[in-house]
Amino acid sequence: MLTWSSLKAYFRNRGAIFFSLLVPLMIMGIFGLINFGNSTPSVNIGIVDQAHNQVSGRILSSLQGIKAVKLHTGSLDGEKHELQQGNRDLVAVLPASIGQGSTAITAYYNQGNPQNSQVAIAIMNQFVDRASFAFAGISPALTLDTKPVQSRNLTYVDFLVPGMIALSIMQTGLFGVVFTFVQWKQRGILRRLMATPMRVRDFFFSQLVTRLTTVALQIVVLLAVGLFLFHFHFAGNLLYLLIVGIIGGGIFLAMGLAISGASKSEETAAPIANLVSLPLMFLSGIFFSRSNMPEWLQAITQYSPLTYVSDALRSISIGGASLWAIRADLLGIFVWLAIAVVLATRLFKWEVV
Amino acid sequence: MSVVTRPGQADLAADTQGFAILVDGLRKRYGSLVAVDGISFRVEEREIFGLLGPNGAGKTTTVEILEGLRDADEGRAFVAGIDVRKDPQKVKSLIGVQLQSSAFFDGLSLLELLDMFAALYKRTVDAMGLLKKVDLAEKAHSTVGKLSGGQKQRFSIATALVNEPQILFLDEPTTGLDPQARRNLWELANSIRAEGRTIVLTTHYMDEAETLCDRVAIMDHGKILAMEPPDSLIQRLLDKGFRGERVERSANLEDVFLDMTGHGLRES
């Protein structure tokens, strides 16, 4: 009955429900549209064709055939200017003498963007080699035979959606609990309940059910939006996703209780909750893979509770992992759950003292 | 002068017969501060008992111990015949509590809140009947946030009545109310007492204590200074030769105010 009342009260607070879904959806929208990492890297190569003969024409057309190359042609001065502006990664000059004996092709590259210019140089080198063989009439001693393999085309959204689910689980757990409980304490709602013969475990059970229902709802909505709006590739089991989400939600609920127990007012609770959530948000591989971090940081952040949750959710939704396959993450989640529950029971107080 | 006769430890429990509350040598410290300093008193069944005293006198701590919200350091307290220090849950199920600043869940209607409170006592309640009793039937489907100050207090009392308590604790129920709402609440308190319930009331308004209470205890610095019916306390003061600055009249400004603006409730 208490659980039912608490659910009704919670879900009538439409503002809170709306925002608990809106923020992750907004972040998903923004990052999904920017779509980091999904665009094929392309290099800008400028060609200064001083020959205008059959040979230079062939080089140009085969360069054009390469997907990763954006080809520009122009005068030497014009292209060098573009190079300086950073609009070209490499500018190659095809001299008038091309096709007549041994010819040197001069290439200028942009030192400011070594990654792209290296790619451009490698492409040009490969070209020059191939052209040389062709002109000399030699068949190459080694050839590369490429065969396509069907793979699932993973996009940034596929990385992002499980991360966003993990993030919203954390936010619901931490902030949903911290603010309501501090408010309830301040307004005397908890005291009024304590003046009835209500059993404490019934109260916490009702709160747990209310929040975890919200978490489950969030998972389903975020997943649905990911699937239908952002073409998220979901390969996993929804049930596993919910199980991990709900257990993970327990960690942050307990943390929220610990914070609301330790703080006397919203003014102290909010900074503490942010102090916990912000580092976790940016260090747990929510928006970007942790593999971009320096190694020492990776070594630390692999133990973050949010890392365990987001990694587990990602393994399930992208890799179709079973619960057994993610047992290492689950172990981490349970260890954190135990820590958070101990903290909550130590720190939670019913009253503003 | 001993205000209270203190029975021996052994016969105390047996002595609760006929008394709603029996307190013996109750003491509570917060660090070096002694909030309640070994007080003893009895509250008879079906009386309205007032606990008066300036802020920090120890009234709230005393009441909270009796309500089972706080444990005492020393002494004994029987509420409705139950030792509250041994079985606070049992006491909670027998009493009704209206707290000074009790807010309720925002999302629920008055009816739903009463049903929820009844469930906390593991019983069902005629929520609408209870709302009628406190004159809130037309607000049954509103939330507490939409109520006026007086309506909130009346609703708070309704939640304290869901378990048909033997003893009702009212903590400053009329603070912040206009005269009409105050008088209305007094009527409610009297009608609750008429049902055979005992009321323990704390208040800062002496006229309220004078009108409502059968007996009052005046507390300061954790001790009870006097405990008697209001009239005999006043008579005692007059006997000492005290004369008020104003000549006593049989009406006061509040009577004038109510005469001009009427007794009807100004709410909604």
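What covers the buried residues of α7(B)? In this predicted model, the cover includes β3 (48-52), α6, β7 (167-171), β8 (198-202) and α8 (206-212) of chain B. Helix α7 of chain B spans residues 179-194, and its 16 residues reach 23 Å from the first C-alpha to the last, close to the 22 Å expected at 1.5 Å a residue. The buried residues of α7(B) are A181(B), R182(B), N184(B), L185(B), A189(B) and I192(B). They lie on the same side of α7(B), because the arc they cover around the axis is only 160°. In an α-helix there are 3.6 residues a turn, so residues three or four places apart point the same way. The other side of α7(B) carries the exposed residues E187(B), S191(B) and A194(B). Just after the helix, G196(B) adopts a positive phi of about 95°.

Chain B also holds an open sheet of four strands, in the order β2-β1-β4-β5 and with antiparallel pairing. The edges are taken by β2 (33-44) and β5 (82-83) of chain B; each has a single partner strand, so one side of each is left without a neighbour in the sheet. Strands of a sheet pair through backbone hydrogen bonds, in either the parallel or the antiparallel sense.

Within this sheet, β1(B), residues 19-30, is joined to β2(B) by nine bridges in the antiparallel sense. In this pair, L22(B) stands opposite R42(B) of β2(B). The two strands form a hairpin with two residues between them, and in this hairpin G31(B) has a positive phi near 60°. Strand β1(B) also runs antiparallel to β4(B), to which five bridges join it. Here I21(B) is placed opposite V79(B) of β4(B). Strand β4(B), residues 74-79, pairs in turn with β5(B), again antiparallel, over two bridges. V79(B) takes part in this pairing as well, with I82(B) as its bridge partner in β5(B).

Two residues of chain B other than glycine have positive phi values, and both lie in loops. A80(B), with phi of about 55°, is located in the loop between β4 and β5 of chain B. A80(B) has 19 other C-beta atoms within 10 Å and is therefore partly exposed, since a residue counts as buried at 20 or more. D135(B), with phi near 65°, is located in the loop between α5 (127-133) and α6 (149-160) of chain B. D135(B) is likewise partly exposed, because it has 17 C-beta neighbours inside 10 Å.

Chain A has an open sheet of four strands in the order β2-β1-β3-β4, and its pairing is mixed. At its edges stand β2 (69-73) and β4 (106-109) of chain A, each with a single partner strand, so one side of each is left without a neighbour in the sheet. From one strand to the next, the twist averages 25°. Strand β3(A), residues 90-94, runs antiparallel to β4(A), and four bridges join the two. L90(A) is found opposite Y109(A) of β4(A). Helix α3(A), residues 54-64, packs on this sheet and touches β1 (43-49), β2 and β3 of chain A. The direction of α3(A) makes about 170° with that of β1(A).

Another helix of chain A, α9(A), is formed by residues 238-262. Its 25 residues reach 36 Å from the first C-alpha to the last, close to the 36 Å expected at 1.5 Å a residue. This helix is mostly covered, with 18 of its 25 residues buried.

Between the two chains, 18 residues of chain A are in contact with 21 residues of chain B. On the side of chain A that touches chain B, α1 (2-12) and α7 (189-194) of chain A each supply at least two residues. Helix α1(A) gives the most to this side, with six residues. The residues on this side of chain A divide into nine nonpolar, four polar and five charged.

Technical notes
Residues are numbered from 1 along each chain as its sequence is written. Chains are lettered from A and ligands numbered from 1 in the order in which they are written. This is a predicted model: local features need pLDDT of at least 70, side-chain atom pairs count only at pLDDT 80 or more; totals for chains, interfaces and linings use all residues. Two strands pair if DSSP finds at least two bridges between them. The expected span of a helix is 1.5 Å times one less than its number of residues. A residue is buried if 20 or more other C-beta atoms lie within 10 Å of its own, exposed if 12 or fewer, and partly exposed in between; C-beta atoms are placed from the backbone. Axes are lines fitted to C-alpha atoms, for helices over the stretch in contact, and angles run from 0 to 180 degrees between N-to-C directions. Two residues are in contact if their C-beta atoms, placed from the backbone, lie within 7 Å. Ala, Val, Leu, Ile, Met, Phe, Trp, Tyr, Cys and Pro count as nonpolar, Asp, Glu, Lys and Arg as charged, and the others, Gly among them, as polar. The arc is that of the directions from the helix axis to the C-beta atoms.
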